[in-house]
Every structure is written in structure tokens, then in C-alpha cells.
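Subject: Structure handover

Hello,

Here is the structure I promised to pass on. Please open it first, then read my notes below.

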Amino acid sequence: MTALSAPASSNGARLKRSLGLWAIVGLGLGYMTPTVVFDTFGLVARDTNNVVPLAYTVALIVMIFTAVSYGKMAGAIPSAGSAYTYARESMHPNVGFLVGWTALIDYMLLPMVNCLIVRSYLEAFFPSIPGAVWVIVYVLFVTTVIYLTMRGTSNVNMLLLIFSIVVMAIFVFMVIVQLAGGAGENGVVTVKPFFHNGVEFGAVLAGATIVCFSFIGFDAVTMYAEEAKTPKIMPKAILLTVVIGGAIFLIAGYFTQQRFPDWNEFAPGGDMQYVEDSTLPIIGDLVGGTVLSAVLTAAGFAATLASGLASHASVSRMLLVMGRNNVLPQKFFGYVNPRTHTPTFNIVLTGAISLLAVAFTLEMIAAYINYGALIAFTFVNLSVIAWFAIRKGRRRTPKDIFNYIVMPVIGTLLTGLLWVNLDGHALLGGLIWTGLGFVYLLVITRGFQKKVASFDESQPVTGFNKVSVDD
């Protein structure tokens, strides 16, 4: 198999190579939504016995190995795509289909995660209004916007990212001042956020599995391979996205843990809902009162809304590609409204699924999303072995053995540690979803007698892409 070439859009135009290294890194960080560290902080602090930074350190180590594998595959197959593209090209189209099918869990549930986070923000400021009201208002707003236009822009993403990071920097500065003044229990510098009596490695791994959710989005960098000024920058862009994103999470997590050494501060009266949903508004209020809470929430809201629009558009678009290629029923999923030029049925369906945020918590949805993410991360590591060591025969020198066998094997084993600690309900539900995908694959390939169609989310079918298309 050969690397895929950059496809043309529906009107014959191709994606413009206009994105430099830092523009791509900025897009990756925007997808990761840095403020999510505050959203899940109470939940992770509870499950790890107050060593959130250690959980992020473990997750970052796993992500670095996986990011190196992503970089190798992006350099070998410089086309827009992700884990399912690499699995399809390096292993087999059927394997790629199942990886992509499983990744649909991420796509379908990410809009719901953004809805849950926004709901928790607004509930914190307007506790008298039922959360269901905010869910309905948010879903209607996002669905309407995407219904009317699906065009995205990297400039807006970058502005929202800068705003979020500046607010986070102000927050960290305020916490340092408070720690120096005697807040917390251990001063500014200590190892207690990483280790103290009562910390169990199994609990840390469970926490790392949860914060794995925070890194979801770094792999979206691969979607811009066809718009990079040169494909050679993609491996560096992927690794920088993970390292910089991980550094942001670590710094914010460390100082937040120092300021709040006991997660019970977020659960007044033993109310667990305060840690199962976003703790960002509570953190802001306890550090800087109503003003900082409002500003920090605004930063989180802006980043979450941007992520919500992008994820809603992305899943609607992937369903459209699947419909166009007859992977899903074409009449429904492949429909494009002639007036708005958007896949309106898919957009409304995604909005309807997002309404389920009324009945779920962030912890529950994050666990299901992590199942899809861990499938993707595992198969990207395996794809390196399949592509380089097996297909290309690069296994004869110590350097090749280290790069294309040892490194991805370590990445796979480290990802396996997170698999072991995945929530049991999420694992069962995910396996059922993957099983349904296998049965569906049997049907559409007529018992593997027919080649399965691809459903690359970046395939241009409406002229839309996550960044501007040069029409």
C-alpha cells in the first residue's frame, strides 16, 4: 500500500498548505482544552488520594510514547486521518474499520462532554435553574449554529486558546501568592502532590486513566497533515502538542493540589455531585472569590464552547462521509441540505444524543470516551510495528529494532496499564459497541467477500474542513 495523497474537495480544490508548526500545535492544544484540568480535578483528587499531578505524570509518559508513534505514522502516511487511517494502511482495511468504528464513541460522546461541562458551569452561577434547562439551551444553540454553517477557523481557536492560558497563568500566580502567605498545608514547593502516605499505585493508575481524557485531541493534529507547510513538521507538532499540553496540566494540577490538599473541600456536606461534575467554578471561587470564579469559568466556557462546536461539526461530518460511502444508510446519513449545504440530519441526530447530558455525569461519559481513545492509542503503536518493521522490513539494525519495535511495544504496554484500570461499565459497553461493529462489518462486506469503504473524517465531501479550505 502507498501513502494516501491529498484529496480534492467536491469542487476540485485541494487543501492549502498554509499551516506552520506553531499554528498546528495551537490547534492541537485548543482541541485538548487546557482548562479541563480544573473540570476533572476534584474527581481525580478523590480517586488518587490527592495526587493529581502524579496521575498526570503517568498519563503524560504514556502519551509521549504514543505521540512518538503518531509522529512516525504521520511522517510515513502524510494524509489527513488518524488511528483508523494508520491501521487501515498498515494492517488491513477491516482492522481500520473496526478501529474507526470504535473511535465513533469518542466522536459521538465528546459533544455531550462539552454539554456536561457547560451545564456544570451555569449550574454553579444559577443554582435555582434546573440543569436540564441549560442542557437544552446549549444543545439548541450549538445545533443551530452547526446547522447553518460547518465552516471552522484556526484563528478563533487560537484566540480562545490564548485567553484560556492567560487566565490559567493568572490563577497560578494567585495560588502561589496564597501559598507563600500560608494557604494550603505544605508551602509552595513540596513533593506531597506526587507522593505521601496512603498513596496506592493502583489508584494512581486509575486516576491516570481518567486524565487520559484530558489528552484527547492531541491526535487531532494529524488531521492537518495535508495543510502543513511541509509534512516533515508533523512528528514534531504532535510531540510538542503532548509535551506542552502535559506541562500545562502538570503545572496547573500541582499548584491546585497544593492549594487544596484534600478533595473534600469540593464536597460540602458530603455531596459527591460536586466532584463528579466540573469543579472549575468551585476552585475559582475558593481562590479568588466571585470575580476569579467568573473569569476562570469564562475561560473554561469559551474553550469548551469552541471544542463543542468543533466536535459537533466533526461527528456530523464523519457520519456524512460514512453515508456518502454507503458505510451507513446513504439516504439519511449522506443527505446534505441544498439550502444550508450542511448534513442536517446528522447534525440534529448529534444534538439529540447530546441531550442525554441531562442524565449523565462527567465521570461516566469520560470513562466511555477513554475506551475509544485507548483503542486508538493501542493501534497506533501497533501500526508502527506493522508498517515499518513488517511491511517495510526495517528490523535488521539495532536502531530500527529500537525505533520500530521496542518503542511502540513499550507504548502498547504502557497503554495496557491504563486498559487494566478502565471503568468496568465502560469496558463492557465499549466491547459491546466494538462487537456490534464487527457484526456490521460482516454485513457490509458480505462475510469479508467485499472490500469495506473508508470513512476518513477529513475526506472533503462538502468543502468543509476544521480549518479554512482554499475554495
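Let me start with one residue. Glycine 30 counts as buried, at 13% relative accessibility. Buried means under 20% relative accessible area, exposed means over 50%, and partly exposed lies in between (1.4 Å probe, protein chains only). Glycine 30 sits in helix 1. Helices (H or I, at least four residues) and strands (E, at least two) are DSSP runs, numbered from the N terminus. Glycine 30 and glycine 217 are 187 residues apart in sequence. In space, their C-alpha atoms are 8.2 Å apart.

A word on the source. This is a predicted model, in which local features need pLDDT of at least 70 and side-chain atom pairs count only at pLDDT 80 or more, while totals for chains, interfaces and linings use all residues. Residues are numbered from 1 along each chain as its sequence is written, and side-chain values use heavy atoms, with hydrogens and water left out.

The whole chain

The protein chain has 17 helices and zero strands. Of its 471 residues, 57% count as buried. The accessible surface comes to about 18500 Å². Carbon and sulfur atoms hold 68% of that surface. Accessible areas come from the Shrake-Rupley method with a 1.4 Å probe; for residues, only the protein chains shown count as cover.

Contact means heavy atoms within 4.5 Å. Take the contacts between residues at least 6 apart in sequence: 83% of them join residues at least 24 apart.

Helix 4 and helix 10

Look next at helix 4 (residues 52–76) and helix 10 (residues 234–259). Their axes come within 8 Å and cross at roughly 175 degrees. Helix 4 is therefore roughly antiparallel to helix 10. Axes are lines fitted to C-alpha atoms, for helices over the stretch in contact, and angles run from 0 to 180 degrees between N-to-C directions. Angles under 35 degrees count as roughly parallel, over 145 as roughly antiparallel, 65 to 115 as roughly perpendicular and the rest as oblique.

Which residues meet? From helix 4, they include Val52, Tyr56, Leu60, Met63 and Tyr70. From helix 10, they include Met234, Ile238, Val242, Phe249 and Tyr254. The contact has 18 nonpolar residues, five polar and no charged. Here Ala, Val, Leu, Ile, Met, Phe, Trp, Tyr, Cys and Pro count as nonpolar, Asp, Glu, Lys and Arg as charged, and the others, Gly among them, as polar.

Threonine 256 also lies in helix 10. It counts as buried because its relative accessibility is 0%. Threonine 256 touches Phe38, Phe41, Phe171 and Ile283, not counting residues up to four places away in sequence.

The core

The largest nonpolar core has 129 residues. Such a core is a set of buried Ala, Val, Leu, Ile, Met, Phe, Trp, Tyr and Cys residues joined through side-chain atoms within 4.5 Å. Phe38, Met63, Tyr70, Phe171, Phe215 and Phe218 have the most contacts inside this core. Its largest share, 16 residues, comes from helix 6 (residues 93–125).

Methionine 63 contacts Cys212, Phe215, Phe218, Val242, Phe377 and Leu418, leaving aside neighbours within four places in sequence.

- Threonine 297 is in helix 12 (residues 280–324). It is buried, with a relative accessible area of 6%. Beyond neighbours within four places in sequence, threonine 297 contacts Tyr121, Phe125, Leu280, Pro281 and Leu292.
- Methionine 364 is in helix 15 (residues 362–391). It counts as partly exposed, at 36% relative accessibility. Its C-alpha atom is 8.8 Å from that of histidine 425, which is 61 residues away along the chain.

Two positive phi values

Most residues other than glycine have a negative phi. Threonine 33 has a positive one, near 55 degrees. Threonine 33 is in the loop between helix 1 (21–32) and helix 2 (36–39). It counts as buried, at 8% relative accessibility. Arginine 446 also has a positive phi, of about 55 degrees. Arginine 446 is in the segment after helix 17 (424–444). It is exposed, with a relative accessible area of 63%.

Best wishes
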